[in-house]
Amino acid sequence: MTTALITGASTGLGREFARLFARDGIDVVVVSSERSAAQLDELAGELRARHGVRVDQITMDLAAPGAAADLVARVDDLGVDVEYLVNNAGVGILGLKIQESDPVAVSKMVQLNVVTLTDLTTLYAARMVRAGHGAILNVSSVAAYIIPHGLEAGYAASKAYVRSFSEAVADDLRGTGVTCTHLAPGPTRTEFGHTAGVGEWSRLDRFIADCAPVAQAGYAAMRAGQVTVMPGFGTKVMRVASTLSPSRRLKAAVSGYFVTRN
């Protein structure tokens with residue numbers, strides 16, 4: 001049976017991705033942190049009842065060193081073959097200059113956003129190529145295109161890495177039957193703002209997108225083998241506007257203006 005492995009699946013985009021796969025009759029392995037176990041249980045029950053698919057749940061800390069290899073081993077123990085990998089798990093630290101940030105928190109963010117994503121992509125890409133089919137979806141951000149990005153140096157840089165890495169991986173995989181897609185959403189109605197310390201994105205209301213259409217855009221692009229997808233008119237405006245800035249200092253100041261902490 002075809003199986004999709006989805007990280008950060010308990011809420012937001014990850015939850016919507018799981019629903020899309022299940023809707024199409026694809027079994028899922030959904031992954032979240034221990035603190036989101038109850039939400040993961042709820043999602044699993046919903047998908048089994050509504051779509052009759054197999055749903056396996058894994059709770060673990062993907063920001064821990066070696067997490068990717070641990071996750072792959074746990075998925076192997078389930079006896080499923082992963083044809084779709086969705087690297088959705090990620091965190092942000094916004095509204096702070098780097099010198100104001102907690103070094104431990106920044107390190108954990110990079111471990112999750114960059115290292116674990118890279119390791120999972122590398123491990124599963126090799127398996128998918130041997131099988132001759134598969135698809136990878138890596139979730140980045142429009143922040144990857146705005147350099148320098150004010151008050152979120154570590155986060156924006158981690159997403160710029162995801163963008164660069166994913167596009168290079170897509171090229172590496174050409175002709176193998178395996179694809180890699182990079183999803184770059186703008187501000188989206190998820191729990192991300194709260195965990196990142198910026199609340200409800202009060203200064204970005206007109207640009208905020210709902211989870212469902214953003215996930216649908218990423219899902220459709222992945223199934224079609226597209227390299228990059230940036231859903232939403234507002235997101236595209238942000239990207240274009242960043243290229244028109246007359247100075248790097250202005251670009252950092254304007255982007256930082258929208259990132260306010262509670």
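Guide: A residue counts as buried when its relative accessible area is under 20%, and as exposed when it is over 50%; in between it is partly exposed. Keep that cut-off in mind. Keep in mind too that this is a predicted model.

Start with the setting. The protein chain has 9 helices and 7 strands. Of its 262 residues, 52% count as buried. Take the contacts in the chain with a separation of 6 or more: residues 24 or more positions apart account for 73% of them.

Now the rings. Two rings pair if their centres lie within 6.5 Å. By this rule there are 3 aromatic pairs. One of them joins phenylalanine 21 and tyrosine 219: the ring centres are 4.9 Å apart and the planes stand at 90 degrees, so this pair is edge-to-face. Phenylalanine 21 belongs to helix 1 (residues 12-23) and tyrosine 219 to helix 7 (residues 211-224), so the pair ties together parts that are 198 residues apart in sequence. Phenylalanine 21 is buried, at a relative accessible area of 0%. Tyrosine 219 has 3% relative accessibility and counts as buried.

Another pair is tyrosine 161 with phenylalanine 165. Here the centres are 5.5 Å apart and the planes are at 10 degrees, so the rings are stacked. These two residues are in helix 5 (residues 153-172), 4 residues apart, which is about one turn of the helix. What about their accessibility? Tyrosine 161 is partly exposed, with a relative accessible area of 31%. Phenylalanine 165 has 16%, and 16% is buried by the cut-off above.

There is also a cluster to note. Phe21, Tyr84 and Tyr219 form one aromatic cluster.

Packed helices are described by the angle between their axes and the distance between the axes. The axes of helix 4 (residues 103-131) and helix 5 come within 9 Å and cross at roughly 10 degrees. Angles under 35 degrees count as roughly parallel, and helix 4 and helix 5 are therefore roughly parallel to each other. The contact involves Met109, Asn113, Val114, Leu117, Thr118, Thr121 and Thr122 in helix 4. On the helix 5 side, the residues include Tyr161, Val162, Phe165 and Val169.

Leucine 151 lies in the loop between strand 5 and helix 5. Most residues other than glycine have a negative phi. Leucine 151 has a positive phi, near 60 degrees. At 27% relative accessibility, leucine 151 counts as partly exposed.

Strand 1 deserves a stop. Strand 1 (residues 3-6) and strand 2 (residues 27-32) run parallel and are joined by 4 bridges. Alanine 4 has valine 28 as its bridge partner in strand 2. Both faces of strand 1 are covered: Thr3 and Leu5 are buried on one side, Ala4 and Ile6 on the other.

Threonine 7 sits in the loop between strand 1 and helix 1. Threonine 7 is buried, at a relative accessible area of 2%. Not counting residues up to four places away in sequence, threonine 7 touches Val31, Leu62, Leu71, Val86, Asn87, Asn88, Ala89 and Leu120. Threonine 7 and alanine 89 are 82 residues apart in sequence, yet 5.1 Å apart in space, C-alpha to C-alpha.

Terms used
Residues are numbered from 1 along each chain as its sequence is written. This is a predicted model: local features need pLDDT of at least 70, side-chain atom pairs count only at pLDDT 80 or more; totals for chains, interfaces and linings use all residues. Side-chain values use heavy atoms; hydrogens and water are left out. Rings of Phe, Tyr and Trp (its six-membered ring) pair if their centres lie within 6.5 Å; planes under 30 degrees apart count as stacked, over 60 as edge-to-face and the rest as tilted. Buried means under 20% relative accessible area, exposed over 50%, partly exposed in between (1.4 Å probe, protein chains only). Axes are lines fitted to C-alpha atoms, for helices over the stretch in contact, and angles run from 0 to 180 degrees between N-to-C directions. Angles under 35 degrees count as roughly parallel, over 145 as roughly antiparallel, 65 to 115 as roughly perpendicular and the rest as oblique. Contact means heavy atoms within 4.5 Å. Two strands pair if DSSP finds at least two bridges between them.
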